[in-house]
Amino acid sequence: MSIVKINALTVPAEQREVLEKRFSSRAGTVESSDGFEWFELLRPVEGTDQYLVYTRWRDEEAFKAWMEGPMKQAHQGGGEGGERPRPAASGSTVWSFEVVQQTGPKAG
């Protein structure tokens, strides 16, 4: 079955809008990556300052290929004057999971 990668990003309140704009204007290369299955950016509602970036992949190899190719290239781009923009997140932790069960809505 698939694997899930969740990147927990610690984002100060004043940087939330910056983070969301960066994700909404991203190049979209993840969607066309081999083995990519799903993406969600989850905004915290209460009790935490962590955004969750949820991605689902066919297998670990597909995720690693994206990390070493399109993702690496996207994060090396320069901003104004050739400098990279300041990160919106002050911390990041990646969690890895294997999907062992899944279900969807029942057809009515």
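Which residues make up the largest nonpolar core? In this predicted model, that core consists of I3, V30, F36, W57, A62, F63, W66 and M71, 8 residues in all. Helix 2, which spans residues 60-74, supplies the largest share of this core, namely 4 residues. Apart from it lies another core, of 6 residues, including L9, Y51, V53 and A88. As background to both groups, in soluble globular proteins nonpolar side chains tend to be buried together.

Among the contacts in the chain with a separation of 6 or more, 71% are accounted for by residues 24 or more positions apart.

The structure holds 5 aromatic pairs, and a pair of aromatic rings is described by the distance of the centres and the angle of the planes. One of the pairs joins F23 and F39, whose ring centres lie 6.0 Å apart with the planes at 25°, so that this pair is stacked. Because F23 belongs to helix 1 and F39 to strand 2, the pair ties together parts that are 16 residues apart in sequence. F23 is partly exposed, with a relative accessible area of 22%, and F39 is likewise partly exposed, with a relative accessible area of 22%.

F36 and W57 form an aromatic pair of the edge-to-face kind, with 5.5 Å from centre to centre and 75° between the planes. This pair links distant parts of the chain, with F36 in strand 2 and W57 in strand 3, 21 residues apart. F36 has a relative accessible area of 19% and is therefore buried, given that buried means under 20% relative accessible area; W57 is also buried, with a relative accessible area of 0%. Leaving aside residues up to four places away in sequence, F36 touches V30, E31, R56 and W57. F36 and W57 also belong, together with F63 and W66, to one aromatic cluster, and these four residues are listed among the members of the largest nonpolar core.

K5 lies in strand 1, which covers residues 3-10, and at 7% relative accessibility K5 counts as buried. The side chain of K5 is joined to that of E60 by a polar contact of 3.1 Å. Not counting residues up to four places away in sequence, K5 touches V53, Y54, T55, W57, E60, F63, V94, W95 and S96; of these, W57 and F63 are members of the largest nonpolar core, whereas V53 is one of the residues of the other core.

Where charged side chains meet, a search of the whole structure finds 6 salt bridges. In one of them the side chains of R43 and E20 come together, with 2.7 Å from N to O. R43 lies in the loop between strand 2 (36-42) and strand 3 (50-57), and E20 lies in helix 1 (residues 16-24), so the pair ties together parts that are 23 residues apart in sequence. At 52% relative accessibility R43 counts as exposed, whereas E20, at 24% relative accessibility, counts as partly exposed.

Another salt bridge is formed by D34 and R58, whose closest N and O atoms are 2.9 Å apart. Because D34 lies in the loop between helix 1 and strand 2 and R58 in the loop between strand 3 and helix 2, this pair ties together parts that are 24 residues apart in sequence. D34, at 56% relative accessibility, counts as exposed, and R58, at 38% relative accessibility, counts as partly exposed. The side chain of R58 also meets that of D59 in a salt bridge of 3.5 Å from N to O, and D59 is partly exposed, with a relative accessible area of 24%. Taken together, D34, R58 and D59 are linked in a network of salt bridges.

Technical notes: Residues are numbered from 1 along each chain as its sequence is written. This is a predicted model: local features need pLDDT of at least 70, side-chain atom pairs count only at pLDDT 80 or more; totals for chains, interfaces and linings use all residues. Side-chain values use heavy atoms; hydrogens and water are left out. A nonpolar core is a set of buried Ala, Val, Leu, Ile, Met, Phe, Trp, Tyr and Cys residues joined through side-chain atoms within 4.5 Å. Buried means under 20% relative accessible area, exposed over 50%, partly exposed in between (1.4 Å probe, protein chains only). Helices (H or I, at least four residues) and strands (E, at least two) are DSSP runs, numbered from the N terminus. Contact means heavy atoms within 4.5 Å. A salt bridge is a side-chain nitrogen of Lys or Arg within 4 Å of a carboxyl oxygen of Asp or Glu. A polar contact is a pair of N or O atoms within 3.5 Å; within protein, one must be able to donate a hydrogen and the other to accept it, and residues adjacent in sequence count only if both atoms are side-chain atoms. Rings of Phe, Tyr and Trp (its six-membered ring) pair if their centres lie within 6.5 Å; planes under 30 degrees apart count as stacked, over 60 as edge-to-face and the rest as tilted.
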